[in-house]
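Load the model in your viewer and keep the selection panel open. We will go stop by stop.

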Amino acid sequence: MTHAPNIEPTALLEIKTIFLIIGVLVAFLVYKTISDPNHPKKITTALFWGLFGSIFLFGDASIAMFGAQVTHTWVGLFVIGIAILAGFGLVSMGSYQTTSQQEKESYANKYGNKLFVPAVLIPIVTVFCTILLNDIHLGSIYLFDQQHITLGALTLACAIALVVGWKITGGTPLLAMSESRRLVDSIGWAAILPQMLAMLGGVFIVAQTGDSIQSIVTLFVTPDNRFALVAIYCIGMALFTMIMGNAFAAFPVMTAGIAMPFLIQMHGANPAALVAIGMYSGYCGTLMTPMAANFNIVPAALLDLKDKYQVIKVQIPTALILLSFNIVLMYSVIF
Amino acid sequence: MTTLNLLPLIGVIIIVIGFALRFNPLLVVTVAGIATGFAVELDWHTLLTTFGEKFMNSRQLASFLLILPIIALLERYGLQERAKQWIASIKSATTTRILIMYFVVRECSAALGLLSLAGQAQTVRPLLAPMALGAATNEHGELPRWLKDKISAHAAACENIALFFGEDIFIAFGAVLLMDAFLKENGIAGIEPLHIGLWAIPTAIAALIVHCFRLARLEAEITHDIETHHLNQVSQEVAS
(Lines give C-alpha, C1' and ligand atoms only; values in the text may rest on other atoms or scores of the structure.)
Protein backbone atom coordinates (compact mmCIF):
# COMPACT_ATOMS: atom_id res chain seq x y z
CA MET A 1 0.00 0.00 0.00
CA THR A 2 1.18 3.51 -0.61
CA HIS A 3 2.50 5.53 2.27
CA ALA A 4 3.53 9.14 2.30
CA PRO A 5 6.93 9.31 0.61
CA ASN A 6 9.20 10.99 3.14
CA ILE A 7 12.70 10.05 4.23
CA GLU A 8 13.75 6.82 2.61
CA PRO A 9 15.86 4.72 4.93
CA THR A 10 18.30 2.37 3.26
CA ALA A 11 17.47 -1.31 3.27
CA LEU A 12 19.32 -4.51 2.49
CA LEU A 13 16.48 -5.79 0.35
CA GLU A 14 15.47 -2.66 -1.48
CA ILE A 15 12.67 -2.79 -4.00
CA LYS A 16 15.21 -1.98 -6.72
CA THR A 17 17.26 -5.01 -5.70
CA ILE A 18 14.16 -7.21 -5.98
CA PHE A 19 13.48 -5.85 -9.47
CA LEU A 20 17.10 -6.63 -10.37
CA ILE A 21 16.65 -10.20 -9.13
CA ILE A 22 13.53 -10.59 -11.28
CA GLY A 23 15.51 -9.11 -14.18
CA VAL A 24 18.35 -11.60 -13.71
CA LEU A 25 15.87 -14.50 -13.55
CA VAL A 26 14.18 -13.40 -16.78
CA ALA A 27 17.57 -12.83 -18.46
CA PHE A 28 18.57 -16.36 -17.52
CA LEU A 29 15.34 -17.68 -19.04
CA VAL A 30 16.10 -15.73 -22.24
CA TYR A 31 19.53 -17.36 -22.37
CA LYS A 32 17.91 -20.77 -21.88
CA THR A 33 15.40 -20.04 -24.63
CA ILE A 34 18.17 -19.11 -27.07
CA SER A 35 20.06 -22.32 -26.26
CA ASP A 36 16.88 -24.43 -26.64
CA PRO A 37 17.61 -26.68 -29.67
CA ASN A 38 13.96 -27.46 -30.46
CA HIS A 39 12.19 -24.15 -29.97
CA PRO A 40 9.69 -23.34 -32.75
CA LYS A 41 9.74 -19.56 -32.18
CA LYS A 42 13.11 -19.17 -30.53
CA ILE A 43 14.17 -15.67 -31.60
CA THR A 44 10.83 -13.90 -31.13
CA THR A 45 10.13 -15.62 -27.80
CA ALA A 46 13.59 -14.63 -26.55
CA LEU A 47 12.97 -11.07 -27.75
CA PHE A 48 9.59 -10.96 -25.97
CA TRP A 49 11.06 -11.93 -22.59
CA GLY A 50 14.21 -9.94 -23.30
CA LEU A 51 12.23 -6.70 -23.71
CA PHE A 52 10.30 -7.50 -20.52
CA GLY A 53 13.42 -8.41 -18.53
CA SER A 54 15.35 -5.27 -19.60
CA ILE A 55 12.72 -3.09 -17.95
CA PHE A 56 13.61 -4.80 -14.67
CA LEU A 57 17.36 -5.00 -15.26
CA PHE A 58 18.01 -1.52 -16.64
CA GLY A 59 14.92 0.53 -15.71
CA ASP A 60 16.15 2.01 -12.45
CA ALA A 61 19.72 2.48 -13.66
CA SER A 62 18.40 4.29 -16.73
CA ILE A 63 16.34 6.65 -14.58
CA ALA A 64 19.43 7.44 -12.51
CA MET A 65 21.61 8.01 -15.57
CA PHE A 66 19.31 9.49 -18.24
CA GLY A 67 16.33 10.73 -16.26
CA ALA A 68 12.71 9.70 -16.11
CA GLN A 69 11.65 11.20 -19.44
CA VAL A 70 14.09 9.18 -21.54
CA THR A 71 13.52 6.00 -19.53
CA HIS A 72 9.74 6.12 -19.70
CA THR A 73 9.95 6.67 -23.44
CA TRP A 74 12.01 3.56 -24.15
CA VAL A 75 9.98 1.51 -21.69
CA GLY A 76 6.83 2.67 -23.51
CA LEU A 77 8.34 1.55 -26.83
CA PHE A 78 9.37 -1.80 -25.35
CA VAL A 79 5.83 -2.32 -24.03
CA ILE A 80 4.40 -1.77 -27.50
CA GLY A 81 7.00 -4.21 -28.86
CA ILE A 82 5.92 -6.81 -26.28
CA ALA A 83 2.27 -6.34 -27.27
CA ILE A 84 3.04 -6.73 -30.97
CA LEU A 85 5.10 -9.90 -30.46
CA ALA A 86 2.37 -11.48 -28.34
CA GLY A 87 -0.45 -10.16 -30.50
CA PHE A 88 0.86 -11.77 -33.66
CA GLY A 89 1.41 -15.15 -32.03
CA LEU A 90 5.21 -14.98 -32.12
CA VAL A 91 5.66 -16.24 -28.55
CA SER A 92 5.41 -19.96 -27.82
CA MET A 93 6.47 -22.83 -25.61
CA GLY A 94 9.83 -24.46 -26.26
CA SER A 95 11.20 -27.90 -25.40
CA TYR A 96 12.05 -28.85 -21.85
CA GLN A 97 14.12 -31.56 -20.23
CA THR A 98 12.23 -32.41 -17.10
CA THR A 99 11.68 -35.72 -15.35
CA SER A 100 9.25 -38.30 -16.76
CA GLN A 101 5.98 -39.15 -15.01
CA GLN A 102 7.57 -42.41 -13.79
CA GLU A 103 10.62 -40.66 -12.38
CA LYS A 104 8.36 -38.14 -10.64
CA GLU A 105 6.40 -40.95 -8.98
CA SER A 106 9.57 -42.63 -7.74
CA TYR A 107 11.03 -39.32 -6.49
CA ALA A 108 7.73 -38.68 -4.72
CA ASN A 109 8.06 -42.04 -2.96
CA LYS A 110 11.70 -41.42 -2.16
CA TYR A 111 11.34 -37.95 -0.62
CA GLY A 112 7.83 -38.35 0.78
CA ASN A 113 6.29 -35.48 2.70
CA LYS A 114 9.65 -33.72 2.94
CA LEU A 115 8.78 -32.34 -0.52
CA PHE A 116 6.11 -30.18 1.10
CA VAL A 117 8.60 -28.47 3.42
CA PRO A 118 9.99 -25.84 1.01
CA ALA A 119 6.51 -25.12 -0.42
CA VAL A 120 5.05 -24.60 3.05
CA LEU A 121 8.09 -22.55 4.11
CA ILE A 122 7.31 -19.78 1.61
CA PRO A 123 4.08 -18.56 3.26
CA ILE A 124 5.33 -19.24 6.79
CA VAL A 125 8.58 -17.32 6.35
CA THR A 126 6.75 -14.50 4.55
CA VAL A 127 4.24 -14.08 7.35
CA PHE A 128 6.92 -14.47 10.03
CA CYS A 129 9.04 -11.73 8.44
CA THR A 130 6.16 -9.32 7.85
CA ILE A 131 4.97 -9.63 11.44
CA LEU A 132 8.14 -10.06 13.48
CA LEU A 133 11.04 -8.81 11.39
CA ASN A 134 9.28 -5.96 9.58
CA ASP A 135 11.23 -3.13 11.15
CA ILE A 136 14.39 -4.98 12.13
CA HIS A 137 17.37 -2.72 11.50
CA LEU A 138 21.01 -2.21 12.32
CA GLY A 139 21.67 1.47 12.84
CA SER A 140 19.92 3.12 9.94
CA ILE A 141 20.01 0.07 7.66
CA TYR A 142 16.77 -1.87 7.58
CA LEU A 143 16.46 -5.47 6.39
CA PHE A 144 13.39 -4.70 4.28
CA ASP A 145 12.40 -1.71 2.22
CA GLN A 146 9.89 -0.10 4.60
CA GLN A 147 7.51 0.71 1.73
CA HIS A 148 7.49 -2.88 0.44
CA ILE A 149 7.80 -5.19 3.43
CA THR A 150 5.67 -8.06 2.08
CA LEU A 151 7.56 -8.12 -1.20
CA GLY A 152 10.90 -8.18 0.61
CA ALA A 153 9.67 -10.92 2.92
CA LEU A 154 8.44 -12.95 -0.05
CA THR A 155 11.80 -12.63 -1.79
CA LEU A 156 13.65 -13.76 1.31
CA ALA A 157 11.20 -16.65 1.78
CA CYS A 158 11.74 -17.82 -1.81
CA ALA A 159 15.52 -17.73 -1.31
CA ILE A 160 15.28 -19.76 1.91
CA ALA A 161 12.89 -22.25 0.27
CA LEU A 162 15.35 -22.65 -2.64
CA VAL A 163 18.19 -23.52 -0.26
CA VAL A 164 16.03 -25.94 1.74
CA GLY A 165 14.76 -27.50 -1.49
CA TRP A 166 18.39 -27.90 -2.61
CA LYS A 167 19.21 -29.64 0.70
CA ILE A 168 16.27 -32.04 0.37
CA THR A 169 16.35 -32.94 -3.32
CA GLY A 170 19.90 -32.09 -4.37
CA GLY A 171 18.50 -29.87 -7.14
CA THR A 172 20.56 -26.65 -7.28
CA PRO A 173 19.02 -23.16 -7.50
CA LEU A 174 20.39 -23.01 -11.05
CA LEU A 175 18.45 -26.16 -11.92
CA ALA A 176 15.41 -24.59 -10.26
CA MET A 177 15.74 -21.53 -12.50
CA SER A 178 16.06 -23.73 -15.61
CA GLU A 179 13.01 -25.73 -14.58
CA SER A 180 11.01 -22.54 -14.06
CA ARG A 181 11.21 -21.80 -17.81
CA ARG A 182 8.59 -24.53 -18.33
CA LEU A 183 6.22 -22.73 -15.96
CA VAL A 184 6.97 -19.21 -17.18
CA ASP A 185 6.50 -20.23 -20.82
CA SER A 186 3.21 -21.96 -20.07
CA ILE A 187 2.00 -18.81 -18.31
CA GLY A 188 3.31 -16.80 -21.26
CA TRP A 189 1.66 -13.46 -22.02
CA ALA A 190 -0.58 -13.79 -18.95
CA ALA A 191 2.47 -13.03 -16.78
CA ILE A 192 2.67 -9.54 -18.27
CA LEU A 193 -1.07 -8.80 -18.47
CA PRO A 194 -1.43 -7.44 -14.90
CA GLN A 195 1.19 -4.76 -15.61
CA MET A 196 -0.35 -3.92 -18.98
CA LEU A 197 -3.69 -3.42 -17.24
CA ALA A 198 -2.15 -1.22 -14.57
CA MET A 199 -0.79 0.82 -17.48
CA LEU A 200 -4.22 1.05 -19.10
CA GLY A 201 -5.66 2.11 -15.74
CA GLY A 202 -3.11 4.93 -15.75
CA VAL A 203 -4.20 6.04 -19.22
CA PHE A 204 -7.85 5.90 -18.10
CA ILE A 205 -7.00 8.23 -15.22
CA VAL A 206 -5.25 10.69 -17.54
CA ALA A 207 -8.21 10.51 -19.95
CA GLN A 208 -10.71 10.87 -17.07
CA THR A 209 -12.62 7.81 -18.21
CA GLY A 210 -14.02 7.58 -14.68
CA ASP A 211 -15.88 10.87 -15.09
CA SER A 212 -17.57 9.59 -18.23
CA ILE A 213 -18.65 6.38 -16.50
CA GLN A 214 -19.87 8.33 -13.50
CA SER A 215 -21.96 10.63 -15.67
CA ILE A 216 -23.51 7.65 -17.46
CA VAL A 217 -24.36 5.96 -14.16
CA THR A 218 -25.82 9.22 -12.81
CA LEU A 219 -28.27 9.21 -15.72
CA PHE A 220 -30.03 6.31 -13.99
CA VAL A 221 -30.31 8.06 -10.64
CA THR A 222 -33.80 8.70 -9.27
CA PRO A 223 -33.04 10.79 -6.15
CA ASP A 224 -36.19 9.86 -4.19
CA ASN A 225 -36.11 6.10 -4.61
CA ARG A 226 -33.80 4.83 -1.87
CA PHE A 227 -33.72 1.24 -3.02
CA ALA A 228 -32.89 2.23 -6.59
CA LEU A 229 -30.09 4.48 -5.30
CA VAL A 230 -28.59 1.64 -3.28
CA ALA A 231 -28.89 -0.75 -6.22
CA ILE A 232 -27.28 1.74 -8.62
CA TYR A 233 -24.40 2.39 -6.23
CA CYS A 234 -23.69 -1.31 -5.66
CA ILE A 235 -24.12 -2.38 -9.29
CA GLY A 236 -22.17 0.69 -10.39
CA MET A 237 -19.31 -0.30 -8.07
CA ALA A 238 -19.30 -3.82 -9.53
CA LEU A 239 -19.48 -2.63 -13.16
CA PHE A 240 -16.87 0.09 -12.77
CA THR A 241 -14.58 -2.40 -11.00
CA MET A 242 -15.04 -4.81 -13.90
CA ILE A 243 -13.90 -2.08 -16.29
CA MET A 244 -10.95 -0.87 -14.22
CA GLY A 245 -10.04 -4.31 -12.86
CA ASN A 246 -9.65 -2.82 -9.41
CA ALA A 247 -12.22 -1.90 -6.76
CA PHE A 248 -9.86 0.71 -5.29
CA ALA A 249 -10.04 2.70 -8.54
CA ALA A 250 -13.84 2.48 -8.68
CA PHE A 251 -14.46 3.33 -5.03
CA PRO A 252 -13.66 7.07 -4.88
CA VAL A 253 -15.40 7.80 -8.20
CA MET A 254 -18.65 5.96 -7.44
CA THR A 255 -18.78 6.97 -3.79
CA ALA A 256 -18.15 10.64 -4.50
CA GLY A 257 -20.53 10.59 -7.46
CA ILE A 258 -23.50 8.71 -6.07
CA ALA A 259 -23.18 7.67 -2.44
CA MET A 260 -22.03 11.01 -0.97
CA PRO A 261 -24.59 13.39 -2.53
CA PHE A 262 -27.64 11.13 -2.73
CA LEU A 263 -27.32 8.53 0.02
CA ILE A 264 -25.28 10.17 2.78
CA GLN A 265 -26.19 13.85 2.43
CA MET A 266 -29.72 13.52 1.08
CA HIS A 267 -30.99 10.45 2.93
CA GLY A 268 -28.64 10.44 5.93
CA ALA A 269 -27.18 6.97 5.37
CA ASN A 270 -24.72 5.42 7.83
CA PRO A 271 -21.31 6.03 6.18
CA ALA A 272 -19.37 3.13 7.78
CA ALA A 273 -21.81 0.45 6.64
CA LEU A 274 -22.23 2.12 3.28
CA VAL A 275 -18.55 2.19 2.35
CA ALA A 276 -17.80 -1.30 3.71
CA ILE A 277 -20.64 -2.93 1.76
CA GLY A 278 -19.96 -0.70 -1.25
CA MET A 279 -16.35 -1.86 -1.42
CA TYR A 280 -17.47 -5.49 -1.22
CA SER A 281 -19.82 -4.86 -4.14
CA GLY A 282 -16.73 -3.77 -6.05
CA TYR A 283 -15.02 -7.03 -5.07
CA CYS A 284 -17.95 -8.92 -6.61
CA GLY A 285 -16.99 -7.15 -9.82
CA THR A 286 -13.33 -8.15 -9.39
CA LEU A 287 -14.39 -11.80 -9.38
CA MET A 288 -16.11 -11.43 -12.76
CA THR A 289 -13.57 -9.58 -14.91
CA PRO A 290 -10.49 -10.55 -16.94
CA MET A 291 -9.22 -7.03 -16.17
CA ALA A 292 -8.27 -8.30 -12.68
CA ALA A 293 -5.74 -10.48 -14.44
CA ASN A 294 -3.50 -11.31 -11.50
CA PHE A 295 -6.47 -12.91 -9.71
CA ASN A 296 -8.39 -14.37 -12.63
CA ILE A 297 -6.16 -14.90 -15.68
CA VAL A 298 -2.71 -15.62 -14.20
CA PRO A 299 -4.08 -18.50 -12.04
CA ALA A 300 -5.80 -20.01 -15.09
CA ALA A 301 -2.43 -19.88 -16.85
CA LEU A 302 -0.61 -21.22 -13.78
CA LEU A 303 -2.99 -24.17 -13.63
CA ASP A 304 -2.65 -24.67 -17.39
CA LEU A 305 -6.41 -24.43 -17.97
CA LYS A 306 -7.52 -24.71 -21.57
CA ASP A 307 -10.08 -21.93 -21.15
CA LYS A 308 -8.36 -18.90 -19.63
CA TYR A 309 -11.75 -17.52 -18.53
CA GLN A 310 -12.70 -20.65 -16.58
CA VAL A 311 -11.77 -19.28 -13.14
CA ILE A 312 -14.04 -16.30 -13.83
CA LYS A 313 -16.86 -18.59 -14.96
CA VAL A 314 -16.62 -20.57 -11.73
CA GLN A 315 -16.68 -17.36 -9.68
CA ILE A 316 -19.63 -15.65 -11.38
CA PRO A 317 -22.49 -17.43 -9.51
CA THR A 318 -20.98 -16.64 -6.09
CA ALA A 319 -20.26 -13.06 -7.17
CA LEU A 320 -23.83 -12.42 -8.39
CA ILE A 321 -25.44 -13.94 -5.29
CA LEU A 322 -23.19 -11.83 -3.04
CA LEU A 323 -23.88 -8.69 -5.07
CA SER A 324 -27.65 -9.15 -4.58
CA PHE A 325 -27.05 -9.89 -0.91
CA ASN A 326 -25.04 -6.66 -0.60
CA ILE A 327 -27.82 -4.58 -2.15
CA VAL A 328 -30.44 -5.98 0.21
CA LEU A 329 -28.11 -5.76 3.21
CA MET A 330 -27.14 -2.17 2.46
CA TYR A 331 -30.76 -1.12 1.96
CA SER A 332 -31.80 -2.65 5.26
CA VAL A 333 -28.99 -1.29 7.44
CA ILE A 334 -27.85 2.15 6.25
CA PHE A 335 -31.03 4.19 6.80
CA MET B 1 -26.08 20.34 -16.81
CA THR B 2 -22.68 18.78 -17.41
CA THR B 3 -21.88 17.71 -20.92
CA LEU B 4 -21.55 13.99 -21.41
CA ASN B 5 -18.14 13.22 -22.88
CA LEU B 6 -18.15 9.67 -24.17
CA LEU B 7 -14.87 9.73 -26.08
CA PRO B 8 -12.74 8.44 -23.16
CA LEU B 9 -14.90 5.32 -23.19
CA ILE B 10 -13.51 4.15 -26.53
CA GLY B 11 -10.89 2.10 -24.67
CA VAL B 12 -13.57 0.28 -22.68
CA ILE B 13 -15.40 -0.63 -25.88
CA ILE B 14 -12.20 -1.91 -27.51
CA ILE B 15 -11.48 -4.03 -24.42
CA VAL B 16 -14.94 -5.60 -24.39
CA ILE B 17 -14.92 -6.39 -28.11
CA GLY B 18 -11.27 -7.49 -28.17
CA PHE B 19 -11.62 -9.84 -25.21
CA ALA B 20 -14.91 -11.22 -26.52
CA LEU B 21 -13.33 -12.01 -29.91
CA ARG B 22 -10.36 -13.53 -28.06
CA PHE B 23 -7.60 -11.45 -29.61
CA ASN B 24 -4.38 -11.57 -27.61
CA PRO B 25 -5.12 -9.57 -24.43
CA LEU B 26 -1.74 -7.77 -24.44
CA LEU B 27 -2.49 -6.41 -27.91
CA VAL B 28 -6.09 -5.52 -27.02
CA VAL B 29 -5.04 -3.64 -23.89
CA THR B 30 -2.29 -1.73 -25.71
CA VAL B 31 -4.58 -0.76 -28.58
CA ALA B 32 -7.24 0.33 -26.06
CA GLY B 33 -4.61 2.47 -24.33
CA ILE B 34 -3.49 4.09 -27.57
CA ALA B 35 -7.08 4.73 -28.70
CA THR B 36 -8.03 6.27 -25.35
CA GLY B 37 -4.95 8.47 -25.46
CA PHE B 38 -5.75 9.72 -28.95
CA ALA B 39 -9.42 10.23 -28.08
CA VAL B 40 -8.41 12.78 -25.45
CA GLU B 41 -5.78 14.27 -27.78
CA LEU B 42 -2.61 13.12 -26.06
CA ASP B 43 0.38 13.33 -28.39
CA TRP B 44 2.50 10.26 -29.17
CA HIS B 45 5.30 11.19 -26.85
CA THR B 46 3.08 11.87 -23.83
CA LEU B 47 1.28 8.61 -24.51
CA LEU B 48 4.56 6.65 -24.69
CA THR B 49 5.88 8.15 -21.47
CA THR B 50 2.55 7.48 -19.73
CA PHE B 51 2.79 3.84 -20.85
CA GLY B 52 6.39 3.60 -19.71
CA GLU B 53 5.83 5.28 -16.37
CA LYS B 54 2.79 3.20 -15.40
CA PHE B 55 4.43 -0.04 -16.53
CA MET B 56 7.59 0.73 -14.54
CA ASN B 57 5.60 1.68 -11.44
CA SER B 58 3.63 -1.57 -11.42
CA ARG B 59 6.61 -3.91 -11.64
CA GLN B 60 5.83 -5.40 -8.22
CA LEU B 61 2.94 -7.23 -9.95
CA ALA B 62 5.56 -9.52 -11.53
CA SER B 63 6.90 -10.62 -8.15
CA PHE B 64 5.11 -13.97 -8.40
CA LEU B 65 7.86 -14.93 -10.88
CA LEU B 66 10.20 -15.24 -7.87
CA ILE B 67 8.13 -18.14 -6.52
CA LEU B 68 8.30 -20.17 -9.72
CA PRO B 69 11.88 -21.58 -9.52
CA ILE B 70 11.33 -23.41 -6.23
CA ILE B 71 7.87 -24.63 -7.27
CA ALA B 72 9.27 -25.85 -10.60
CA LEU B 73 12.12 -27.64 -8.82
CA LEU B 74 9.78 -29.36 -6.38
CA GLU B 75 7.52 -30.40 -9.25
CA ARG B 76 10.52 -31.93 -11.00
CA TYR B 77 10.94 -34.11 -7.93
CA GLY B 78 7.28 -35.11 -7.78
CA LEU B 79 5.57 -32.52 -5.56
CA GLN B 80 2.21 -32.83 -7.33
CA GLU B 81 2.43 -36.64 -7.33
CA ARG B 82 3.25 -36.59 -3.63
CA ALA B 83 0.27 -34.31 -2.91
CA LYS B 84 -1.97 -36.84 -4.70
CA GLN B 85 -0.47 -39.85 -2.87
CA TRP B 86 -0.82 -38.11 0.46
CA ILE B 87 -4.48 -37.29 -0.14
CA ALA B 88 -5.05 -40.90 -1.24
CA SER B 89 -3.82 -42.07 2.17
CA ILE B 90 -6.53 -40.04 3.91
CA LYS B 91 -9.69 -42.07 3.41
CA SER B 92 -12.14 -39.33 4.32
CA ALA B 93 -10.64 -36.72 1.97
CA THR B 94 -12.96 -35.63 -0.84
CA THR B 95 -12.64 -32.74 -3.29
CA THR B 96 -15.45 -30.87 -1.54
CA ARG B 97 -13.99 -31.32 1.94
CA ILE B 98 -10.51 -30.24 0.88
CA LEU B 99 -11.81 -27.10 -0.84
CA ILE B 100 -14.15 -26.18 2.02
CA MET B 101 -11.40 -26.63 4.58
CA TYR B 102 -9.05 -24.45 2.55
CA PHE B 103 -11.77 -21.82 2.10
CA VAL B 104 -12.56 -21.55 5.80
CA VAL B 105 -8.92 -21.44 6.89
CA ARG B 106 -8.07 -18.91 4.17
CA GLU B 107 -10.95 -16.56 4.92
CA CYS B 108 -10.25 -16.59 8.66
CA SER B 109 -6.52 -16.05 8.20
CA ALA B 110 -7.21 -13.16 5.80
CA ALA B 111 -9.54 -11.62 8.38
CA LEU B 112 -6.64 -11.73 10.84
CA GLY B 113 -4.45 -9.93 8.33
CA LEU B 114 -2.35 -12.93 7.27
CA LEU B 115 -2.77 -12.10 3.60
CA SER B 116 0.52 -13.57 2.41
CA LEU B 117 -0.14 -16.94 4.05
CA ALA B 118 -1.26 -18.35 0.72
CA GLY B 119 -1.55 -17.44 -2.93
CA GLN B 120 -2.18 -18.76 -6.43
CA ALA B 121 1.49 -19.44 -7.18
CA GLN B 122 2.61 -20.61 -3.75
CA THR B 123 -0.34 -22.74 -2.58
CA VAL B 124 -2.99 -23.32 -5.25
CA ARG B 125 -0.75 -24.55 -8.07
CA PRO B 126 1.59 -26.81 -6.08
CA LEU B 127 -0.70 -28.02 -3.26
CA LEU B 128 -4.42 -27.26 -3.32
CA ALA B 129 -5.21 -28.08 -6.96
CA PRO B 130 -3.26 -31.41 -6.98
CA MET B 131 -4.91 -32.44 -3.71
CA ALA B 132 -8.42 -31.62 -4.95
CA LEU B 133 -7.65 -33.48 -8.19
CA GLY B 134 -6.09 -36.39 -6.31
CA ALA B 135 -9.17 -36.85 -4.15
CA ALA B 136 -11.43 -36.88 -7.21
CA THR B 137 -9.14 -39.37 -8.99
CA ASN B 138 -9.22 -41.69 -5.98
CA GLU B 139 -12.97 -41.61 -6.05
CA HIS B 140 -13.61 -41.86 -9.77
CA GLY B 141 -10.44 -43.04 -11.49
CA GLU B 142 -8.71 -41.08 -14.26
CA LEU B 143 -10.61 -37.85 -15.05
CA PRO B 144 -11.17 -36.28 -18.48
CA ARG B 145 -9.26 -33.06 -19.17
CA TRP B 146 -12.30 -30.75 -18.99
CA LEU B 147 -13.26 -32.09 -15.58
CA LYS B 148 -9.71 -31.68 -14.27
CA ASP B 149 -9.83 -28.07 -15.49
CA LYS B 150 -13.12 -27.51 -13.71
CA ILE B 151 -11.77 -28.77 -10.38
CA SER B 152 -8.56 -26.73 -10.74
CA ALA B 153 -10.60 -23.62 -11.56
CA HIS B 154 -12.61 -24.21 -8.37
CA ALA B 155 -9.37 -24.38 -6.39
CA ALA B 156 -8.27 -21.00 -7.80
CA ALA B 157 -11.73 -19.51 -7.14
CA CYS B 158 -11.60 -20.66 -3.49
CA GLU B 159 -8.39 -18.72 -2.97
CA ASN B 160 -9.76 -15.52 -4.55
CA ILE B 161 -13.17 -15.48 -2.89
CA ALA B 162 -11.87 -16.40 0.57
CA LEU B 163 -9.14 -13.75 0.34
CA PHE B 164 -11.37 -10.93 -0.94
CA PHE B 165 -14.15 -11.34 1.58
CA GLY B 166 -11.88 -11.99 4.52
CA GLU B 167 -9.37 -9.19 4.11
CA ASP B 168 -11.74 -6.24 4.61
CA ILE B 169 -12.46 -7.32 8.19
CA PHE B 170 -8.82 -6.70 9.02
CA ILE B 171 -8.77 -3.03 9.97
CA ALA B 172 -5.16 -2.33 9.02
CA PHE B 173 -5.74 -3.54 5.46
CA GLY B 174 -5.30 -1.02 2.67
CA ALA B 175 -8.93 -1.06 1.54
CA VAL B 176 -10.18 -0.19 5.03
CA LEU B 177 -7.63 2.60 5.36
CA LEU B 178 -8.59 3.86 1.90
CA MET B 179 -12.28 4.01 2.87
CA ASP B 180 -11.42 5.69 6.15
CA ALA B 181 -9.26 8.31 4.41
CA PHE B 182 -11.99 8.91 1.84
CA LEU B 183 -14.62 9.61 4.50
CA LYS B 184 -12.30 11.97 6.40
CA GLU B 185 -11.40 13.85 3.21
CA ASN B 186 -15.09 14.32 2.51
CA GLY B 187 -15.72 15.83 5.90
CA ILE B 188 -17.40 12.89 7.63
CA ALA B 189 -16.07 12.68 11.17
CA GLY B 190 -16.50 10.11 13.91
CA ILE B 191 -15.97 6.97 11.84
CA GLU B 192 -13.18 4.66 12.95
CA PRO B 193 -11.61 1.88 10.83
CA LEU B 194 -13.10 -0.52 13.38
CA HIS B 195 -16.64 0.46 12.34
CA ILE B 196 -15.83 -0.22 8.70
CA GLY B 197 -14.25 -3.56 9.59
CA LEU B 198 -17.33 -4.57 11.61
CA TRP B 199 -19.66 -3.79 8.70
CA ALA B 200 -17.58 -6.09 6.53
CA ILE B 201 -18.52 -9.09 8.68
CA PRO B 202 -22.08 -9.79 7.39
CA THR B 203 -20.95 -10.06 3.77
CA ALA B 204 -17.91 -12.10 4.81
CA ILE B 205 -20.22 -14.61 6.51
CA ALA B 206 -22.57 -14.60 3.52
CA ALA B 207 -19.60 -15.35 1.24
CA LEU B 208 -18.62 -18.25 3.48
CA ILE B 209 -22.13 -19.74 3.47
CA VAL B 210 -22.84 -19.20 -0.23
CA HIS B 211 -19.54 -20.51 -1.49
CA CYS B 212 -19.36 -23.50 0.85
CA PHE B 213 -22.89 -24.40 -0.21
CA ARG B 214 -21.72 -24.38 -3.84
CA LEU B 215 -18.66 -26.44 -2.93
CA ALA B 216 -20.86 -28.95 -1.09
CA ARG B 217 -22.77 -29.49 -4.30
CA LEU B 218 -19.57 -29.84 -6.32
CA GLU B 219 -19.07 -33.45 -5.21
CA ALA B 220 -22.43 -34.51 -6.64
CA GLU B 221 -21.70 -32.49 -9.78
CA ILE B 222 -18.42 -34.32 -10.31
CA THR B 223 -20.12 -37.70 -9.86
CA HIS B 224 -22.81 -36.68 -12.33
CA ASP B 225 -20.22 -35.36 -14.82
CA ILE B 226 -18.26 -38.62 -14.63
CA GLU B 227 -21.37 -40.74 -15.18
CA THR B 228 -22.38 -38.70 -18.23
CA HIS B 229 -18.82 -38.92 -19.48
CA HIS B 230 -18.80 -42.74 -19.17
CA LEU B 231 -22.23 -43.00 -20.78
CA ASN B 232 -21.05 -40.89 -23.71
CA GLN B 233 -17.97 -43.04 -24.09
CA VAL B 234 -20.05 -46.21 -24.08
CA SER B 235 -22.52 -44.83 -26.61
CA GLN B 236 -19.63 -43.71 -28.82
CA GLU B 237 -18.13 -47.20 -28.68
CA VAL B 238 -21.48 -48.75 -29.52
CA ALA B 239 -21.90 -46.36 -32.43
CA SER B 240 -18.47 -47.17 -33.83
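Predicted model: local features only at pLDDT ≥ 70, side-chain atom pairs only at ≥ 80, totals over all residues.

Residues are numbered from 1 along each chain as its sequence is written, with chains lettered from A and ligands numbered from 1 in the order in which they are written.

**Stop 1: chain B.** Select chain B and show the cartoon. It has 11 helices and 0 strands (DSSP runs, H or I of at least four residues for helices, E of at least two for strands, numbered from the N terminus). The radius of gyration of chain B, 23 Å, is well over the 18 Å that the globule rule gives for 240 residues, so the chain is more spread out than a compact globule (taken over C-alpha atoms; the rule is 2.2 Å times the number of residues to the power 0.38). Its C-alpha atoms fill a box of roughly 65 × 50 × 40 Å along the principal axes.

**Stop 2: chain B against chain A.** The contact takes 99 residues from chain B and 118 residues from chain A (C-beta atoms, placed from the backbone, within 7 Å). On the chain B side, 61 are nonpolar, 28 polar and 10 charged (nonpolar: Ala, Val, Leu, Ile, Met, Phe, Trp, Tyr, Cys, Pro; charged: Asp, Glu, Lys, Arg; polar: the others, Gly among them).

**Stop 3: domains of chain A.** Colour domain 1 (10–87), domain 2 (101–171) and domain 3 (193–333) of chain A; the bounds come from an automatic or database domain assignment.

Methods
Contact = placed C-beta atoms within 7 Å.
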